Amino acid sequence: MSNLLWLFLAVAGGILVGALPGLTGTMAIALMVPFTYPMSPETALIVLGGIYVGAMYGGSISAILINTPGVPASIATTFDGYPMATQGRAEEALCAAATGSGVGGLLGTVVLLFFAPALAVVALKFGPPEYFWLGIMGLAIIANLAASNIYKGLFGGLIGVLLSTIGLSPSTGEVRLTFGTADLLSGVEVIVALIGLFCLPQVIIMAEQAHRQEGLVLFKPDRGRALRTFLVVLRSWGNLIRSSVIGTVIGIIPGAGGNVAGLLAYQEVVRAGRDKESFGKGNIQGVIASETANNAAVEGSLVPLLTLGIPGSPQAAVLYGALLLHGLRPGAELFTGRGAEITYTFILSFFLGNLIMFGIGISASRLYARALNLPNNLLMPVVLALSVVGAFAGRNNPFDVGMMLALGLLAYGGLKIGLSAAPIALGIILGPIAERGLVESMMLSRATGGLWQLLFTRPLSLVLIALTLISVFWPAIVKAWGRWRGNVAAKRGKAGAKDATGQVAGYLWLGIPGSLIAGVALQQLVDVDLQTAVVPGVASALIALVSAGFVLKAAQIRFRSGPAPRAERHGTDRRLAAVAMLAAVIYAVLIPALGFYAATFAAIVFLGWILEMPDRRNRRLPQVLLMAVVLCGAFYVVFGMIFHVPFPTGLLL
């Protein structure tokens with residue numbers, strides 16, 4: 001009975017950790033390991049496994065509500081989850097995420113229980129060439145995400161890959177693209193990049209729409225919606241099974257994990273879907289695919305851990321340390337004698353853990369969704385404060401806050417010219433996987449006879465190449481089929497009209513800075529050895545090529561259509577957006593001067609007040625003050641007392 005209580009608390013705590021941007025399951029598990037030392041091995045593993053399960057689902061909550069993945073594995077959930085929330089379907093999206101997560105976790109547990117030794121063999125088949133093609137296959141999802149403008153998607157993906165190469169090379173240890181800055185030696189932290197790319201632009205958008213959305217209710221309770229959504233998800237059995245298989249298989253591959261699993265599952269559901277145009281605009285199947293796969297990857301990552309002692313994810317690596325702490329050595333002895341009793345208790349706890357996670361998710365989805373009805377002058381400061389906290393908490397480095405702000409401002413500017421943040425995030429996440437595979441293949445080729453032979457002759461590599469080609473060319477095939485059937489003629493006409501009136505400035509804003517970025521990067525790589533420079537060099541060269549294409553496209557449009565008329569803007573206040581951007585920068589600067597809590601309190605009060613100013617009534621100022629006190633207190637309890645994050649202290653606090 002005590003183990004069941006511990007499991008419930010662990011899952012609930014994991015959901016909270018996953019829902020807060022910047023707090024990852026890896027951090028929570030690592031912090032809990034010392035506290036499990038007095039526990040029995042069974043209880044300790046149950047607690048840590050419960051946190052793992054809860055955190056993976058918890059990431060979907062912030063992904064759906066504020067367009068920010070709570071964990072990197074939830075990035076694909078934002079593609080359709082947040083559009084559903086903006087359409088008043090937040091509860092539906094949250095229920096779909098909880099159900100998909102529960103089903104994926106249960107199916108993954110079945111696989112772990114019955115097929116772990118056999119599937120562990122698959123993990124051993126993956127070498128550097130397979131990792132390279134796995135990374136390339138993941139990047140191919142850009143073809144589906146940016147089917148409306150594949151060149152902008154490619155540009156964003158290449159920028160992400162280039163960002164991922166900053167710092168020490170993971171294979172050679174050489175320094176590149178740091179510009180002499182010591183803080184860049186460790187590279188761009190993934191969670192910092194995700195917060196900047198997804199969360200900060202949303203803060204600015206909230207500011208510019210604050211007055212247009214006065215009195216707007218994004219969530220209305222509807223009795224029976226959770227049950228209806230649950231039945232819809234269960235009827236999507238093909239999506240559930242396919243995504244669970246993808247999640248489990250990708251999970252057993254060390255280093256891939258839920259990040260890649262969710263993206264590949266999303267890609268497959270788009271390819272299999274009949275209404276492809278609806279994906280990215282609020283299709284529930286996209287949420288189901290992403291959450292089912294990344295939760296199935298949880299159990300998949302334990303397959304090589306328990307059988308071979310090879311962690312399949314960062315969280316599994318921490319669990320490996322917990323096993324050793326309690327005198328358990330992964331391998332055959334975990335499945336015999338006393339070890340077998342502990343191991344199978346641990347595995348079976350995932351059945352209960354996923355059921356508890358599903359129950360909490362379904363029952364609390366309406367409560368989570370109500371947060372959308374908060375007025376923007378209250379919600380926006382909260383999201384900004386969470387962004388800063390999340391960026392700082394990972395490595396306790398103020399430089400990460402500055403990096404988050406820089407990426408966020410660039411992402412907001414990109415949105416205004418049609419450049420989505422999703423391809424950039426894909427490049428940052430998948431770039432290191434592809435680079436490590438390519439560089440290690442180059443090293444291995446010295447002893448095996450040639451790089452091309454190594455990359456293009458291994459059976460698993462050929463399978464991944466075929467899947468990559470299908471992913472890249474599938475949107476073109478679908479369009480060609482639709483054109484042949486006469487379904488896209490009208491759409492082409494509209495697209496041409498749009499290009500002729502509003503795209504010149506957008507293409508120039510992409511082409512000119514892109515050329516500069518590529519030129520600076522190539523100049524920095526002049527004296528770097530080939531293996532260290534190959535991926536950033538190729539990415540920079542391709543960025544330069546695509547940027548030149550953007551400039552030529554802008555010239556072509558201008559020549560054909562003459563000066564483009566200024567597009568009308570509706571429902572936004574650019575002055576408030578500018579205030580929000582300036583306030584975010586000043587907030588970050590004030591943190592080391594005043595102290596984190598004092599700067600946070602001041603930022604919340606100021607933003608809440610300034611967004612209310614046009615009404616000249618300040619009706620919500622007391623609410624803003626109360627919220628500032630409550631939020632700062634919550635930060636102190638969660639981050640200061642529980643996670644011991646050493647926030648900067650200044651003149652005040």
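1. Basis. The structure is a predicted model, and side-chain atom pairs count only at pLDDT 80 or more. Two packed helices are described by the angle between their axes and the distance between the axes.

2. Helices α3 and α4. Helix α3 covers residues 41–66, and its axis lies 6 Å from that of α4, at an angle of about 50 degrees. The two helices, α3 and α4, are therefore oblique to each other. The crossing of α3 with α4 is right-handed. On the α3 side the contact involves S60, A63, I64, L65 and I66, which meet T77, T78, G81, Y82 and A85 of α4. Six residues of this contact are nonpolar and four are polar, with no charged residues.

3. Helices α4 and α13. Helix α4 (residues 75–86) also packs on helix α13 (residues 284–308), with the axes 8 Å apart and an angle of about 140 degrees. The crossing of α4 and α13 is left-handed. From α4 the contact takes in A76, T77, D80, G81 and M84, and from α13 it takes in I284, G286, V287, S290, E291 and N294. By class, the contact of α4 with α13 has four nonpolar, five polar and two charged residues.

4. Helices α13 and α14. Helix α14 spans residues 314–325, and its axis comes within 10 Å of the axis of α13, crossing at roughly 35 degrees. The crossing of α13 and α14 is right-handed. S301, L302, L305 and L306 of α13 are in contact with A316, L319, Y320 and L323 of α14. Seven residues of the contact of α13 with α14 are nonpolar, one is polar and none is charged.

5. The second largest pocket. The second largest pocket holds about 1200 Å³ of space. Its lining consists of 49 residues, and V190, N259, P314, I429 and P432 are those nearest the centre of the pocket. Helix α18 (residues 421–448) gives the largest share of the lining, eight residues. The lining of the second largest pocket comprises 26 nonpolar, 18 polar and five charged residues.

Terms used
Residues numbered from 1 in each chain as written. Predicted model: local features only at pLDDT ≥ 70, side-chain atom pairs only at ≥ 80, totals over all residues. Heavy atoms only, no water. Axes fitted to C-alpha atoms, helices over the stretch in contact; angles between N-to-C directions. Helix = DSSP H or I, 4+ residues; strand = E, 2+ residues; numbered from the N terminus. Left-handed = near helix turned anticlockwise from the far one by under 90°. Contact = heavy atoms within 4.5 Å. Nonpolar A, V, L, I, M, F, W, Y, C, P; charged D, E, K, R; others polar. 1 Å grid on protein atoms, 1.4 Å probe; cavity = no way out; pocket = protein on both sides within 12 Å on 5 of 7 lines; lining within 4 Å. Points joined across faces, edges and corners; volume = space filled by probe spheres on them. Parallel < 35°, antiparallel > 145°, perpendicular 65-115°, else oblique.
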